[in-house]
Amino acid sequence: VQLQASGGGLVQAGGSLRLSCAASGNIIKINDMGWYRQAPGKKRELVAGIFRGGSTNVADSVKGRFTISRDNAKNTVYLQMNSLKPEDAAVYYCNLVGLVSGSLNYAQYWGQGTQVTVSS
């Protein structure tokens, strides 16, 4: 399984970015999809997750500013980030829990990360 994340970049505080992450490979089914982030010197943290049925789980620190969505037909998860703050700067990683061909168990997969920089 390969997860290709895109959409990161440099934005001024108050601006917006939209991250995308497309999964490819011999995927039979994807359950959870999500975005994590890791700032220098900090632990990786969950930003937002979305379950196959569409329900979401969003970190308090970004609630009301970030929106997660997914397109199951495209095996793609999105993160719309509005009203960005300098403290949102981090490497953002996409993540999924899925079942691949030839496997009996669901497993977790990670994308390569995309840098988000927010200038004040």
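This is a short tour of a predicted model, stop by stop, for your viewer. Residues count from 1 along each chain as its sequence is written, and side-chain values rest on heavy atoms, with hydrogens and water left out. Local features need pLDDT of at least 70 and side-chain atom pairs pLDDT 80 or more, while totals for chains, interfaces and linings take in all residues.

**Stop 1: the core**

Select Trp 35, Val 47, Phe 66, Val 77, Leu 79, Met 81 and Tyr 92. They have the most contacts inside the largest nonpolar core, which has 30 residues. (A nonpolar core is a set of buried Ala, Val, Leu, Ile, Met, Phe, Trp, Tyr and Cys residues joined through side-chain atoms within 4.5 Å; buried means under 20% relative accessible area, exposed over 50%, and partly exposed in between, using a 1.4 Å probe and protein chains only.) Now colour the strands, which are DSSP E runs of at least two residues, numbered from the N terminus. β9 gives this core its largest share, 5 residues.

Next, click on Val 77. Beyond its neighbours within four places in sequence, its contacts (heavy atoms within 4.5 Å) include Leu 19, Trp 35, Ile 68 and Cys 94.

**Stop 2: an open sheet**

Show β1, β3, β8 and β7: in that order they make an open sheet of 4 strands with antiparallel pairing. (Two strands pair if DSSP finds at least two bridges between them.) β1 and β7 are the edge strands; each has a single partner, so one side of each lacks a neighbour in the sheet.

Zoom in on β7 and β8, which pair in the antiparallel sense over 6 bridges. Here you can find Thr 67 opposite Gln 80 in β8.

**Stop 3: the salt bridges**

The whole structure holds 4 salt bridges, each a side-chain nitrogen of Lys or Arg within 4 Å of a carboxyl oxygen of Asp or Glu. Pick Arg 37, which is buried at 6% relative accessibility. Arg 37 bridges to Glu 45, with the closest N and O atoms 2.7 Å apart; Glu 45 is partly exposed at 35%.

Arg 37 also meets Asp 88 in a salt bridge, 3.0 Å from N to O. Arg 37 sits in β4 and Asp 88 in the loop between β8 and β9, so this pair ties together parts 51 residues apart in sequence. Asp 88 is buried, at 0% relative accessibility.

Finish at Lys 63 and Asp 60, whose side chains form a salt bridge at 3.1 Å, N to O. Asp 60 is exposed, at 67% relative accessible area.
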